[in-house]
Amino acid sequence: MNEARRILVASDSGISIRSLSDIPDVLQACMGSHGLILTENDLAREFFDLRSGLAGELFQKFTNYKLRVAIVLPDPEAFGERFGELAYEHASHSLIRFVRSSDEAQAWLNT
């Protein structure tokens, strides 16, 4: 019998990442799920400034706990060249993936 995979959509689950202190709560909410979908609206502006460390900390924690996250950004390059490079590097990552649409996020997390 196939069990339905529980995928959290941040905006539907009251999840947002505004600071480093939000990350433990997000991790706890994701335990037992098959993944999390984040959009630009779920993330603080600092996330897109790689010097802030917010994106790096989030990625490290999700990797450590082997939790999957799909970040929906139709145009990652809009946040700067370095951020665009980061998104490109994660286009085929096994746990953290940048995708262009919610449908693409659902499809990947359901694999």
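The model is predicted, so local features require pLDDT of at least 70 and side-chain atom pairs pLDDT 80 or more, while totals for chains, interfaces and linings use all residues. Residues are numbered from 1 along each chain as its sequence is written, and side-chain values use heavy atoms, without hydrogens and water.

Four strands form an open sheet in the order β1-β2-β3-β4. The pairing is parallel. Strands are DSSP runs of E with at least two residues, helices runs of H or I with at least four, both numbered from the N terminus. Two strands count as paired if DSSP finds at least two bridges between them. β1 (7-9) and β4 (96-99) are the edge strands; each has a single partner, so one side of each lacks a neighbour in the sheet. On average, neighbouring strands are turned by 20° against each other, direction ignored. Axes are lines fitted to C-alpha atoms, for helices over the stretch in contact; angles between N-to-C directions run from 0 to 180 degrees.

β1 is joined to the parallel strand β2 (residues 35-39) by 3 bridges. Ile 7 has Gly 35 of β2 as its bridge partner. Helix α3 (residues 54-64) packs on the sheet and touches β2, β3 (69-72) and β4. Its direction makes about 125° with that of β4. Contact means heavy atoms within 4.5 Å.

Ser 16 lies in the loop between α1 (10-13) and α2 (23-30). Its relative accessible area is 30%, hence partly exposed (buried is under 20%, exposed over 50%, partly exposed in between; 1.4 Å probe, protein chains only). Leaving out residues up to four places away in sequence, Ser 16 touches Asp 22, Val 26 and Asp 42.
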